[in-house]
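This note sets out several points for a colleague to check against the coordinates. The points are numbered and may be read in any order.

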Amino acid sequence: MTTEVRLEEAQKTFERLERAVAQVIVGQEPVVRSTLIALLCRGNVLLEGVPGLGKTLLVRTLAHALGLRFSRIQFTPDLMPADILGTNIIGESGGARRFEFSRGPIFAHIVLADEINRATPKTQSALLEAMEERTVSVGGTTYLLEEPFIVLATQNPIEMQGTYPLPEAQVDRFLLKVNVPFPSLDELVRITTLNTESSAIVFPSAVASADDVLAARTVVHQIPVALGLRQFAGRLVLATHPDSADAPETVRNYVEYGASPRAAIALVRAAKAHAFLSGQVHVRPADVEAMFLPALQHRIILNFRGEAEGVTPSSILAEVWRKVPVA
Amino acid sequence: MLSADLFVRLERRARRVRGASWAATAGAAAAILAFAALLATSLWAPASAPVARTALAVVPAAAAVLAYILGRRPRPPLPVLLLAVDERLGLEARLSALYELTQHPGPAAFAARIAADLERLAPHWGRGIPVGRRPLALTAAGALLLVAGFALVPRLGSLPSPTDAPPSQAAALASESAAAEPSDVPLEPEGGRADDLGEPSSRTAALPGRSTALRDILAELRPLGGASGSPSTSRAESEPEDAGLRRDLERLSERLDRAPSPLDEAEKETLRTYVAETSPERQSEVDDAVAASDLDALRQTIHQLLAEAAPGDTIESGSSVSHLAPEAGPSASAEGEPSSRPAPLTPPEPGSELAGAGTLGDGSALPPGSTSSEPPPVFESSEVGVLPVSPPSVLGESGAYSEYLTLGVPVEPPQAGETAPGDVAFNFDQIDSVLSGRNVPDGAVDTIRAYFERITEENP
């Protein structure tokens, strides 16, 4: 009975959360849902899109709706790891001088790493420990990050000059990669109306708390996934490898490395959260399908031929989905 | 409420369906093979057709049963099976998730909600594991083959096969003649295949009758030919030996006629051997003549010996006459022969006009022994006056068969006390009485009467 109550409460909480975000963010439902899924799965999201699509606004709105701390880091080439993590400074307390740790912007619940690919790899790698281990190590001391913790990184896919593409190891740390689409005409009209008719953007009040998020995470973790679907997820991941017997022709031709085992984990976890947000208590093939592209597209490494011919991972994954049957 | 054994029932159904699928596949494959075998045996090995028909009925059924058993045996992977059922029934993996919760217990609320959803959807579980189209199609194909095999193939079996091509007329006659030849090997009835099939065709049923009729007719005709056949085998085997002895005796006779001089040892041995072989009762007479070196007596004795052998051969050559004289006197050469074989006539006594020589139609005498060493004469109707017997007979499919009466030597055994031994009665009245009791055609009787009148005039 306890679980049933928590299930219903958690689902209602996130329904309210989605509605609150939708009051500010026009359209972009898939992006919002992916963000919430990453929040429920203890993951991180890589948002890819051109500037001006409301990525920062989304993160700020989500933070307001959840009543969580929010920080935004603008990545630049001269950004240093200490600028993100924090640093030890000499302080004086009671007449004695000693080093004191000054926390950086990473110490928040929701961190927006804006244009993450503009920072150097050294600075980018400073996020690895925080994203995966939820800890920060500075000067021999490890600091725990407060849950719920989520990193939302953005990158501009067009302006590549002066950027540092994320290393594969770091990209793999992102649970999902979401392409932020350009809004439609109706959405644009609504966006302009909201930003020109009103005096200022009104962020929603908190409709949930950190505890609500953690409780929802527990519920999502208990959602059953059939063995057949887990096998299906595994076959999907294996089919992205060019040396796999089930790999379609496009994979053999254009893929250098397929998705990692972490991709299968991400797919199943994200499918669970997707089922939860869809009001279900079990994972469906539709949930796997919805999360297949966001969970795997940044884990496919194209070969030279694929890069040269402009093949996209999404097109390859679409072919994989068609070739691999559910049962 | 969902049945507790839902997963077990689904698994059983899946096994049954798989067994049925295997059975349909194996049964159809076996039916195809059995049908092909039946078709082949019906066309090329009709004797095996009943076996093939039995195989057509038994083999597919046995293969289907065996495949069903084997197909049911392995357990299907239940997670995969349930996910397939979910997909087929549109349950969105509810059944699989419920099974997962039974295997790894989770929150009861989840299981209850999933079960409630399943009850609400109320799927038709039987459709979750349907019998596919392929097994149904294979079953239908196998059934059609079975029906075709039982209904159609027997008709094909009655059609002429490439090896059953109708023989040419000459070949047919040859085979019939061969069939008429007595043999130690029993004749195989040609209708055996049809009998084996249980449906004898009109063609195959007609063959034995025709063959039997020809065989009977040829058996009746064999005495007229007088050449081959098992009844005369012993005689045929002894003939070369007798002929050799007779040739030696003829040469001895010619030598005595040409240059009368005493016999040397080799000639004496030849003479003794011949007498011992042919006329042992005259052995003492011959020995006396040889010991006395009486050349005239020897020559006469040799002529008599040759004459004793000559008439039988001559009469045998004109065997058709034998029908007219079945009651001829006993003959040494007739011993042991079947009664159907015409008995040689009693040889004429030495000194008679007919003694030592056969007689042709013109009454001229043959040289002594000439008929024994020569092949049987071929009588041409225009030369020797054979008389055709009308109407012509028809023997089976052989066409018209004309019978002829050839001019021969009609001889009646002498009546005791009327004639001396060796005399022949040439009274036509007696001959006429014999002919009248034997259904001799009128024309033939006239011819015989004319013949006797002629020879009576020449030999009163």
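**Notes on the two-chain model**

1. Chain A has 327 residues, of which buried residues make up 43%. The model under discussion is a predicted one. The secondary structure of chain A consists of 14 helices and 11 strands. Among contacts in chain A with a separation of 6 or more, 76% are between residues 24 or more positions apart.

2. Chain B has 460 residues, and 28% of these count as buried. Its secondary structure comes to 19 helices and 2 strands. For contacts in chain B between residues at least 6 apart in sequence, the share that joins residues at least 24 apart is 65%.

3. The contact between the chains draws 18 residues from chain A and 20 residues from chain B. On the side of chain A that touches chain B, the elements giving two or more residues are α1 (2-22), α9 (227-238) and α12 (285-296) of chain A. The residues on that side of chain A comprise 12 nonpolar, 4 polar and 2 charged.

4. How do α9(A) and α3(B) pack, and at what angle? Helix α3 of chain B covers residues 78-89, and its axis lies 8 Å from that of α9(A), at an angle of about 90°. That angle makes α9(A) roughly perpendicular to α3(B), because values of 65 to 115 degrees fall in that class. From α9(A), the residues A:L227, A:G228 and A:L229 meet B:P79, B:V80, B:L82 and B:L83 of α3(B). By type, the residues of this contact divide into 6 nonpolar, 1 polar and no charged.

5. Helix α3(B) also packs within its own chain. The axis of helix α1 (residues 6-44) of chain B comes within 11 Å of the axis of α3(B), and the two cross at roughly 90°. The helices α1(B) and α3(B) are therefore roughly perpendicular to each other. On the α1(B) side the contact is made by B:F7, B:L10, B:E11 and B:A14, and on the α3(B) side by B:L78, B:L81 and B:V85. The residues of the contact of α1(B) with α3(B) divide into 6 nonpolar, no polar and 1 charged.

6. B:A93 lies in the loop between α3 and α4 of chain B, and has a positive phi of about 65° although it is not a glycine. Are B:E92 and B:A93 buried or exposed? B:E92 counts as buried because it has 20 C-beta neighbours inside 10 Å, and the cut-off for burial is 20 or more. B:A93 is buried, with 32 other C-beta atoms within 10 Å.

7. In chain A, a cis peptide bond runs from A:E147 to A:P148, with omega near -5°. A:P148 is found in the loop between β7 (141-144) and β8 (150-155) of chain A.

8. Helix α13 of chain B (residues 265-278) has 14 residues and reaches 20 Å from its first C-alpha to its last, close to the 20 Å expected at 1.5 Å a residue. Within α13(B), B:L271, B:Y274 and B:V275 are buried. These residues cover an arc of only 95° around the axis, which puts them on the same side of α13(B). An α-helix has 3.6 residues a turn, so residues three or four places apart point the same way. On the other side of α13(B), B:E265, B:A266 and B:E269 are exposed.

9. B:R251 lies in helix α12 (residues 233-258) of chain B. This residue, B:R251, is exposed, with 12 other C-beta atoms within 10 Å. B:R251 and B:E267 are 16 residues apart in sequence, and their C-alpha atoms are 9.7 Å apart in space.

10. Where in chain A is helix α7, and how many of its residues are buried? Helix α7 of chain A (residues 185-196) has 12 residues and reaches 16 Å from its first C-alpha to its last, close to the 16 Å expected at 1.5 Å a residue. The number of buried residues among the 12 of α7(A) is 0, so α7(A) lies largely in the open.

Notes:
Residues numbered from 1 in each chain as written. Chains lettered and ligands numbered in written order. Predicted model: local features only at pLDDT ≥ 70, side-chain atom pairs only at ≥ 80, totals over all residues. Contact = placed C-beta atoms within 7 Å. Helix = DSSP H or I, 4+ residues; strand = E, 2+ residues; numbered from the N terminus. Nonpolar A, V, L, I, M, F, W, Y, C, P; charged D, E, K, R; others polar. Axes fitted to C-alpha atoms, helices over the stretch in contact; angles between N-to-C directions. Parallel < 35°, antiparallel > 145°, perpendicular 65-115°, else oblique. Expected span 1.5 Å × (residues − 1). Arc of directions from axis to C-beta.
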